[in-house]
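Subject: Structure handover

Hi,

Here is the structure I promised you. Please open it beside this email and follow along.

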Amino acid sequence: MPAVASSTARGSVARVLIDSPLPQLDRLFDYAIPPALADAVAPGVRVTVALRTERRLADGLVIEVADTSEFDGALAPLEAVVSPARVLAPEVWALARRVADRQAGGASDVLRLAIPRRSVAVERKWLERGAAVEVPKLAHPVEGYEPGLIEAAIERGGRLALRSIPGVVQLPGGTWVGRWALTLAQAAVRTVIDGKSAILAVPDYRDQEQVEAALAALAPAGAVASLDARRTNAQRYAAFLGCLPHPEAGNTPRIIVGNRSVVYAPAAQLGLIALYDDGDPLFAEPLAPYAHARDVALIRQEQQGCAVVFAGHTRSVEVQRLIELQFLDEVVPAPRVTPKVVPTAAQQSAQRDGGRVPSAAFRTATEALTQGTVLVQVARPGYVSLLACQRCGQAARCTHCAGPLQLASSHALPSCGWCGKLAGGWRCSECNGTRFRMVTRGSARTAEELGRAFPGTRVIVSDGERPVTHVDGEPRTLVVATRGAEPVAAAGYAAVILLDGERMLQRESLHVGDDCLRWWSNAAALAAPGAPTVLVGVGGPLAQSLTLWQQHAYAAAQLVDRKALGFPPALRVASVTGRAPAVQQALQALDGVPIRDVLGPTPVPVDGPHQAEESLVRAVVRFDYGVGAQVATTLRGVVLRLAAGARRPPAGQKRRRPAPTLRVKLDDPEIL
DNA sequence: AGCACGCCGACT
DNA sequence: GTCGGCGTGCTC
């Protein structure tokens with residue numbers, strides 16, 4: 001390759017991050033800027049560079065333009081500048097680097113979430129025309145809280161845990177949205193009027209639609225950008241470019257709405273990041289390095305001094321911890337709004353509904369149906385379902401205790417719901433059949449049953465597959481929705497029946513309680529003022545925190561438990577998965593680090609069509625927040641060393657994809 | 001990941 | 001002699 005001597009001319013060196021998931025390449029490489037490209041090279045532009053040979057080209061991003069290089073060797077020249085768009089803002093780079101370091105991962109993997117794939121046509125249009133950005137003229141106070149409190153926090157870059165106001169509200173256009181969405185929109189509008197951008201992150205697109213509707217009522221369309229994964233890449237890229245400072249138009253504050261990855265958006269003059277319902281598992285990034293949007297928001301708050309707001313009807317244990325550390329300030333609605341929630345026992349069901357609705361809930365629903373629409377929340381027809389003999393339909397029973405057999409997941413052995421024994425060689429007691437059939441009571445079945453129980457009623461089903469976003473709220477209408485798929489009813493529901501509480505609680509997970517409370521609270525928040533919410537068949541502290549609308553009390557109690565057990569978020573965890581020697585090496589490397597303890601290594605159950613030969617083990621490391629950085633860098637070092645030594649199997653052998661030698665996952669919510 | 005470099009066995 | 005096998009190591 002034509003080597004260029006280390007140059008000392010002004011701005012002649014480009015520091016480039018190579019777009020690669022390889023840990024060995026997760027650092028900056030210096031390239032000489034050929035005079036022909038000097039005008040086009042700037043921090044944040046996409047480039048192509050030669051890697052080791054002229055023929056091997058890689059994509060990269062210019063991080064910095066410098067005068068000299070530390071590299072003692074001849075710098076290779078930049079191959080080309082892909083486009084003049086500066087897609088990586090300096091502050092987003094700083095964020096990505098910090099997030100990657102914290103998660104023991106690579107910055108390129110983080111940037112994949114921050115920068116959409118390039119679309120040439122979209123980019124050309126943007127460069128030619130720019131984006132018409134309008135700023136709302138009228139400031140709206142953030143209503144329903146102590147006047148000026150939230151506005152002041154936004155201005156000073158404060159950190160808030162905001163209890164959302166339950167209920168629904170009608171927007172000037174006529175649409176009804178959750179009251180929480182209006183709060184976020186008002187806060188965001190206030191932020192742009194102050195000359196700063198706002199990022200609003202929501203779990204899914206149905207939440208996003210509500211926020212967008214609320215924003216449409218308060219701000220001109222040009223002030224809002226939507227960056228969700230549901231759009232085509234071209235649409236996302238167009239919205240993304242719209243947030244960037246335009247070469248001619250300059251940068252204007254925006255309101256940027258999206259799902260978990262919107263926390264990386266290139267917001268000009270960032271003033272506010274708000275997350276709604278941060279306990280929703282959708283905020284946990286499933287791609288390496290698995291950074292949670294909540295953590296990213298907190299890092300960005302620290303780096304950029306913007307305000308951060310965690311809003312919702314429930315309180316995640318993580319946010320509760322931050323409140324107790326006085327890192328977040330708690331803000332409650334003023335005046336307080338409390339839905340009317342009544343718990344009821346599961347027994348004494350009415351006859352015609354398939355035995356599902358207790359009489360108290362039945363009476364409530366019957367009465368409410370004359371007034372308006374009633375919401376019935378049911379569990380998802382998931383895997384906590386009962387089993388029956390495939391041949392004769394007889395319910396499958398445990399051979400030891402005659403309890404009902406269940407499936408915990410798609411590929412688990414059936415087990416007894418009472419004694420937990422695995423049902424290995426099960427045979428039907430009636431017909432000696434050996435195969436199962438799942439008996440689920442999904443939303444459709446429930447709808448059918450309820451239709452019979454409430455004659456003359458229109459039944460609308462909303463579930464994950466066919467979600468309904470809005471219903472008109474007319475009387476004699478029953479909405480059967482799986483948890484999380486509840487439509488917004490005009491003027492709010494006349495009653496909300498939370499039907500499958502008991503079944504939802506059967507899932508085994510560290511945070512079933514938190515999840516259930518979140519599902520129930522979000523449904524209860526859709527009720528009309530004064531309309532009853534009936535929680536069926538659940539008692540205890542969980543039911544109490546819902547009926548008193550004091551979800552924070554449950555979170556506080558949970559945190560006490562987690563502290564006692566040494567579970568997150570009382571401390572942090574890292575899971576290390578790989579073949580036994582690799583995991584061993586990782587644990588040895590942690591020898592000098594003051595971690596709490598190590599659980600395992602234990603064999604990882606092999607799922608899917610993988611060969612059992614590649615048996616993997618996993619160890620879980622527990623440590624205090626203070627040593628997080630040390631743990632992350634240590635584990636990253638091991639990943640790096642192993643990556644260097646990793647070799648593919650001898651040629652000619654079957655071509656299986658080489659599993660990553662070591663997978664490190666920090667703060668995995670599914671752990672333990 | 002790729003790709004080149006390097007150090008041992010069969011060859012025109 | 002040297003062509004080319006694939007184990008090793010690096011990428012400005």
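Is the crossing of H3 and H7 left-handed or right-handed? It is right-handed. Keep in mind that this is a predicted model.

**H3 and H7**

Start with this pair. Helix H3 covers residues 120-129, and helix H7 covers residues 233-243. Their axes lie 9 Å apart, at an angle of about 30°. Angles under 35 degrees count as roughly parallel, and H3 and H7 are therefore roughly parallel to each other. From H3, the contact uses Val122, Glu123 and Trp126. From H7, it uses Ala234, Tyr237, Ala238 and Leu241. Sorted by class, this contact of H3 with H7 has six nonpolar residues, no polar ones and one charged.

**The whole chain**

Now step back. Chain A has 672 residues, and 47% of them are buried. Its secondary structure comes to 17 helices and 30 strands. Take the contacts in chain A between residues at least 6 apart in sequence: 71% of these join residues at least 24 apart.

**H1 and its two partners**

Next, find helix H1, residues 90-102. Look at H2 beside it. The axes of H1 and H2 come within 8 Å and cross at roughly 130°. H1 and H2 are therefore oblique to each other. Their crossing is right-handed. H1 brings Val92, Ala96, Arg97, Val99 and Ala100 to the contact. H2 answers with Ala107, Asp109, Val110, Leu111 and Ala114. The contact of H1 with H2 has eight nonpolar residues, two charged and no polar ones.

H1 also meets helix H8, residues 293-304. Here the axes come within 10 Å, and the crossing is again roughly 130°. H1 and H8 are therefore oblique to each other. The crossing of H1 and H8 is right-handed. On the H1 side, the contact is made by Glu91, Ala94, Leu95, Arg98 and Val99. On the H8 side, Val296, Ile299, Arg300, Gln303 and Gln304 take part. The residues of this contact of H1 with H8 divide into five nonpolar, two polar and three charged.

**Inside H2**

How many of the eight residues of helix H2 are buried? Seven are, so H2 (residues 107-114) is largely enclosed by the rest of the structure. The buried ones are Ala107, Ser108, Asp109, Val110, Leu111, Leu113 and Ala114. They pack against H1 and against strand E1 (13-18).

**Around the DNA**

Now turn to DNA strand C. Which residues come nearest to DNA strand C? Of the 16 around it, they are Gln24, Asp30, Phe71, Leu75 and Ala76. Strand E2 (28-32) and strand E3 (45-51) each supply at least two residues of this surface near DNA strand C. E2 gives the largest share, three residues. By class, the surface near DNA strand C has eleven nonpolar, two polar and three charged residues.

**One glycine**

Last stop: Gly537. Gly537 sits in the loop between strand E26 (532-536) and helix H14 (540-547). It has 19 other C-beta atoms within 10 Å. A buried residue needs 20 or more, and an exposed one has 12 or fewer. Gly537 is therefore partly exposed. Now find Val459. Gly537 and Val459 are 78 residues apart in sequence. In space they are 23 Å apart, C-alpha to C-alpha.

Best wishes

How values were computed:
Residues are numbered from 1 along each chain as its sequence is written. Chains are lettered from A and ligands numbered from 1 in the order in which they are written. This is a predicted model: local features need pLDDT of at least 70, side-chain atom pairs count only at pLDDT 80 or more; totals for chains, interfaces and linings use all residues. A residue is near a molecule or strand if its C-beta atom, placed from the backbone, lies within 6 Å of it. Helices (H or I, at least four residues) and strands (E, at least two) are DSSP runs, numbered from the N terminus. Ala, Val, Leu, Ile, Met, Phe, Trp, Tyr, Cys and Pro count as nonpolar, Asp, Glu, Lys and Arg as charged, and the others, Gly among them, as polar. Axes are lines fitted to C-alpha atoms, for helices over the stretch in contact, and angles run from 0 to 180 degrees between N-to-C directions. Angles under 35 degrees count as roughly parallel, over 145 as roughly antiparallel, 65 to 115 as roughly perpendicular and the rest as oblique. A crossing is left-handed if the near helix is turned anticlockwise from the far one by less than a right angle, and right-handed if clockwise. Two residues are in contact if their C-beta atoms, placed from the backbone, lie within 7 Å.
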